[in-house]
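Me: I would like to go through a few features of this model and learn how to read each one. Can we take them in turn?

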Amino acid sequence: MESTDIVSIERVSKTYASGFEALRNVNLGIRRGEILALLGPNGAGKTTLISIVCGLVNPTQGKVTVNGHDIVADYRAARSLIGLVPQELTTDAFETVWATVSFTRGLFGKKANPAHIEHVLREVHLWEKKDDEIRTLSGGMKRRILIAKALSHEPRILFLDEPTAGVDVELRKDMWATVRSLRDSGVTIILTTHYIEEAEQMADRIGVINNGELILVEETTRLMRMLGKKQLTLELHDPLTELPERLAGFSLELANGGSELIFTYDTQAERTGITALLSELNDARIGFKDLHTTQSSLEEIFVNLVKRPA
């Protein structure tokens with residue numbers, strides 16, 4: 001029976017010659033056909049992990065298999081299944097778009113297939129530019145060329161390392177649409193990103209890496225639910241200088257010079273405590289003129305996770 005995991009990462013660690021420990025005991029199964037986002041600050045180990053799976057860096061210990069092929073013992077078979085879009089914009093400036101993408105396909109020992117190259121260039125909105133020299137194109141277009149090159153040999157897995165770094169918002173959304181359509185065509189996608197919004201919008205699951213360790217891997221929606229706190233903000237009629245003692249049992253803070261009362265509650269709890277709070281406020285004769293709720297964004301969740309003591 002075919003495994004649901006197309007990539008299996010087991011107990012992978014990487015210590016460089018300098019003694020720097022880039023990854024520590026990472027275990028991760030990447031499911032066939034999913035979009036997985038790896039979130040983490042600079043230097044967290046995201047690029048090192050991708051480089052190990054792509055066979056560019058050897059792990060100090062641990063094992064990686066790609067569709068059953070060991071990335072070290074069966075390098076050629078494993079690597080042929082993978083497309084990698086690196087962070088750096090390295091392209092052959094004087095080549096045409098068509099020539100560079102076709103050449104990359106040849107590097108993987110694949111026979112020429114103009115129909116596939118055309119399909120890829122259309123997919124990433126480069127078909128109109130196929131005869132243009134790369135040096136004449138914008139940074140955003142060059143990033144698309146990197147995706148086209150990575151797809152030239154028909155990989156089943158696509159790694160995107162910070163795919164929209166330095167790309168304007170419009171192009172970023174365009175890239176998201178491209179990535180989604182690739183996933184719909186059966187390609188498994190792993191992306192690293194600094195953009196929390198990108199992970200939230202795009203990914204089926206999110207892995208958080210910090211200081212070389214995989215802190216957690218969770219379904220995006222469940223992560224939002226699991227860690228998402230809601231806040232109820234009450235705009236008071238009369239500012240308070242301090243919280244009355246009778247309200248000490250609630251998770252409250254005064255804000256905006258005492259004119260706002262912020263109540264933080266767990267969306268997953270059986271009881272939120274809002275009814276009891278409003279009742280207490282009424283009894284304490286604390287009136288409010290407006291109230292609204294906000295839910296913590298993935299950004300806040302991420303910051304709290306990374307700040308957590310080990």
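Me: Is Phe 263 buried or exposed?

Reply: This is a predicted model. Burial is read from relative accessible area, and under 20% means buried. Phe 263 has 4%, so this residue is buried.

Me: How many aromatic pairs does the structure hold?

Reply: There are two. Planes over 60 degrees apart count as edge-to-face. In one of the pairs, the ring centres of Trp 98 and Trp 127 are 6.1 Å apart and the planes stand at 70 degrees, so this pair is edge-to-face. Trp 98 belongs to helix H3, while Trp 127 sits in the loop between helix H4 and H5, so parts 29 residues apart in sequence are tied together. Trp 127 is buried at 17% relative accessibility, whereas Trp 98, at 27%, is partly exposed.

Phe 250 and Phe 263 also pair edge-to-face, with 6.1 Å between centres and 80 degrees between planes. Phe 250 is in the loop between strands S11 and S12, and Phe 263 is in strand S13, so this pair links parts 13 residues apart in sequence.

Me: Which residue lies over the face of Trp 127?

Reply: Lys 130 does, at 4.5 Å from the ring centre. Lys 14 is placed over the face of Tyr 16, at 5.0 Å from the ring centre.

Me: At what angle do helix H5 and helix H6 pack?

Reply: Angles under 35 degrees count as roughly parallel. Here the angle is about 10 degrees, with the axes 11 Å apart, which means that H5 is roughly parallel to H6. The contact has five nonpolar, one polar and three charged residues; among them are Ile 147 and Leu 151 in H5 and Leu 171 and Met 175 in H6.

Key
Residues are numbered from 1 along each chain as its sequence is written. This is a predicted model: local features need pLDDT of at least 70, side-chain atom pairs count only at pLDDT 80 or more; totals for chains, interfaces and linings use all residues. Side-chain values use heavy atoms; hydrogens and water are left out. Axes are lines fitted to C-alpha atoms, for helices over the stretch in contact, and angles run from 0 to 180 degrees between N-to-C directions. Helices (H or I, at least four residues) and strands (E, at least two) are DSSP runs, numbered from the N terminus. Angles under 35 degrees count as roughly parallel, over 145 as roughly antiparallel, 65 to 115 as roughly perpendicular and the rest as oblique. Contact means heavy atoms within 4.5 Å. Ala, Val, Leu, Ile, Met, Phe, Trp, Tyr, Cys and Pro count as nonpolar, Asp, Glu, Lys and Arg as charged, and the others, Gly among them, as polar. Rings of Phe, Tyr and Trp (its six-membered ring) pair if their centres lie within 6.5 Å; planes under 30 degrees apart count as stacked, over 60 as edge-to-face and the rest as tilted. Buried means under 20% relative accessible area, exposed over 50%, partly exposed in between (1.4 Å probe, protein chains only). A charge sits over a ring if NZ of Lys or CZ of Arg is within 6 Å of the ring centre and within 35 degrees of the ring normal.
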